[in-house]
Structures are given as C-alpha cells and as structure tokens.
Amino acid sequence: GSSHRCLYALKVGWRVCWAKAEEEDEQRHMAFLSHDISMLRLFETFLENTPQLTLLLYIILRTNKAELSQGLGMVTAFLCVSWSLLDYHQSLRSFVQDKYELSLGSSIIYFLWNLFLVCPRILVVALFALFWPYGVAVHFPLVWLAMFLWVRLQGTDFMESPGPEQLYRAMVAVILYFSWFNVAQGRTLYRSIIYHGFILVDSTLLALAWLWARAPSEEHSYLLLVVSAALPCYLLGLGLRVTYYKWLHPNVRVQQEDRYDEVDARGGKDGTEFRSFLEPDLVNRRMQYLAQTHISLSQLAQQPFLNGAAAL
C-alpha cells in the first residue's frame, strides 16, 4: 500500500536529486507517485488511523487515565487527519493547468475547518461507546450502509470493473462516517448540506444518548464541558468552511478573471484543463478521476490527462 509507494517514491526522489540525464522524466515520475501517495494516505488515515484514534480516546475516557505519550499521540493523530485532507486537496489542485494554488491563509483555514469538524465526530462516537460498548458495532454498519447507498446513487466511476468499484465505494463510505468526501461531479452545495445535516443530527443523538443513559460522575464531570463544547466546535468548523469558500477559495480569484474551476461554479467560457505531458504511460487515472469530481470541465480535452507537475 502506501508504505511501499513511499519507499519507492524515496528511491525515485534520490535518483532525481542526482540525475544528470532525463531529469525531467524522473521529475514527472516523482509527481505521479506523489499524487498516488496522497490518495493512499487519505484512505489509510480514515480506514486505519481514525478508528484507532477513536479507540484510544475511548480507552482514555473509560479509564480516566492518560499518559503523556498517549495525550501527545492523540493530539498528533487529530492533526494528521486534518493534514491528510489538506494534502489531498492540494494534490487535486495540482492537476489543474494554470492553477491557483492555495495560499497560506487558505491552507490554514482549510486545515482548521476540517479539524473542527472531525474532532467532535470522533468524540461523540467515543462517548457513545462509553454508554454502550457494543453499540458502535450496531451504529457504524447502519451509518456506513446509508453512506454506501448514497455514494452508489451518485454513480461513481473510479475503477475499471464493478467489483473493485464496490470496494472503492465501501472505503468512501467509511470516510464519510467521519468526514465529508466528494465523489461526484456537479454542484456540491446541496450534497454538502445534506451530509453535514445528517452528521450533525446523528452526532447530537449519540451525545444525548450518552447523557440520558449515563450521567457523568464527579470523576468524569469534565466531560459535560467537553460535550458542551462539541456543538460550538462543529458549528465553528462549518463557519470556517463557509468563510473559505466565500472569500479564501482560489475560485474567488478565478471568478475575477471570468474563469471557473470548481464544481460549485456555474461554468466558464474557458474550459479548465488538466496538466499534461508527452508520456501517456504516466497517466495517474485515479487522481485524474478524483480531480474531475472537484474541478469543473466545460470541455474534456482529447489529449491524455496526465500528472500534475507538483514536483516540477
């Protein structure tokens, strides 16, 4: 998986550092691997690291004890989840020709709103596990199934055969259990409202179930403050997301030039093009498809869509 790709990318990167001939080809290959690793890192984060983070938080709340290493590890894990989302978004944008990259301010806001949305979700799942340890085994499959059906209704076309496509949808459904993930072209505004509304209601019900069934003891009285802060934290995350798309998104600069590059835009007279090179063997078709779900194309170019030149 991602570990093998990272090691291979390091090997290619070493060759790039010392290459004297065909350096440009090596750099293109390095860009290809960089995009692939970004996608795999995102899947690994939500399929492995985020469930482990939820389990760690549950253990800390259950025992009411936390070593310094556990606390630092938990904080680092939360930051890594948000960082993987930011890195994935930046990798997608590098596919756009004549792109507007995220500024430092835009990157910070993008990072923060993902952090403020993911943290309350993980917290209420861990609290629900305190109330009903085996309840997560019921709750997760039900929400996962709803997300899986929702992804299927959107008609993804990520893999080349039906079997792997269903596996991809299943992985996306796991991501959607914790965080927003766009999988289809078109306007994302209404889908985003539906998703965040569903997650907000679901998370509120989980928190209320914990409060109703097991009032915190004096030893766990601090949890009332934590739970009380969860909703404002989530609303703050939504507010930061609105701020990002309203004023800090690169699309704001594109619209000033009568161009559009996001699926939420109405379309522009200049079709957004993906970066392309001469070598058709370097097509990263997975990241190309994911970029198309986020970036609006008024016309699909007929030439091969290849890797972004993030490493160039």
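Which residues form a nonpolar patch on the surface? The patch consists of V201, L205, L208, L211 and L224. Together these residues have about 430 Å² of accessible area. Accessible areas come from the Shrake-Rupley method with a 1.4 Å probe, and for residues only the protein chains shown count as cover. Patches are made of residues with over 30% relative accessible area and no salt bridge; like charges are joined within 9 Å, and nonpolar side chains (Val, Leu, Ile, Met, Phe, Trp, Tyr) within 5 Å. Helix α7 gives the largest share of the nonpolar patch, four residues. L211 is found in helix α7. Its relative accessibility is 31%, so L211 counts as partly exposed. Buried means under 20% relative accessible area, exposed means over 50%, and partly exposed lies in between (1.4 Å probe, protein chains only).

The model is predicted: local features need pLDDT of at least 70, side-chain atom pairs count only at pLDDT 80 or more, and totals for chains, interfaces and linings use all residues. Residues are numbered from 1 along each chain as its sequence is written, and side-chain values use heavy atoms, with hydrogens and water left out.

The protein chain has ten helices and zero strands. Its pattern along the sequence is α-α-α-α-α-α-α-α-α-α. Helices (H or I, at least four residues) and strands (E, at least two) are DSSP runs, numbered from the N terminus. Of the 312 residues in the protein chain, 47% are buried. The accessible surface of the protein chain comes to about 16,300 Å². Carbon and sulfur atoms account for 62% of that surface. Contacts (heavy atoms within 4.5 Å) were also sorted by sequence separation. Among contacts between residues at least 6 apart in sequence, 74% join residues at least 24 apart.

In soluble globular proteins, nonpolar side chains tend to be buried together. Here, the largest nonpolar core has 62 residues. A nonpolar core is a set of buried Ala, Val, Leu, Ile, Met, Phe, Trp, Tyr and Cys residues joined through side-chain atoms within 4.5 Å. L127, M147, L176 and F181 have the most contacts inside the largest core. Two or more residues come from each of α2 (23-63), α3 (68-93), α4 (104-131), α5 (136-153), α6 (162-178), α7 (189-213) and α8 (222-248). The largest share of this core, 17 residues, belongs to α4. Domain 1 (1-49) and domain 2 (104-257) both give residues to this core, so the core lies between them. The domain bounds come from an automatic or database domain assignment.

M147 touches A173, L176, Y195, F198 and I199, not counting residues up to four places away in sequence. L123 lies in helix α4. With 12% relative accessibility, L123 counts as buried. Leaving aside neighbours within four places in sequence, L123 is in contact with L57, V226 and A230. L123 and L206 are 83 residues apart along the chain, and their C-alpha atoms are separated by 10.0 Å.

Side chains of opposite charge can pair when their charged atoms come close. Three salt bridges are found in the whole structure. A salt bridge is a side-chain nitrogen of Lys or Arg within 4 Å of a carboxyl oxygen of Asp or Glu. One of them joins D87 and R41, with the closest N and O atoms 2.7 Å apart. D87 lies in helix α3 and R41 in helix α2, so the pair ties together parts that are 46 residues apart in sequence. R41 is partly exposed, with a relative accessible area of 32%.

R121 and D202 also meet in a salt bridge (2.7 Å, N to O). R121 lies in helix α4 and D202 in helix α7, so this pair ties together parts that are 81 residues apart in sequence. R121 is buried, with a relative accessible area of 1%. D202 counts as buried at 12% relative accessibility. R169 forms a salt bridge with E165, and the closest N and O atoms are 3.8 Å apart. R169 and E165 both lie in helix α6, four residues apart, about one turn of the helix. Both residues, R169 and E165, are buried.

Most residues other than glycine have a negative phi. N64, a residue other than glycine, has a positive phi near 55°. N64 is placed in the loop between α2 and α3. At 25% relative accessibility, N64 counts as partly exposed.
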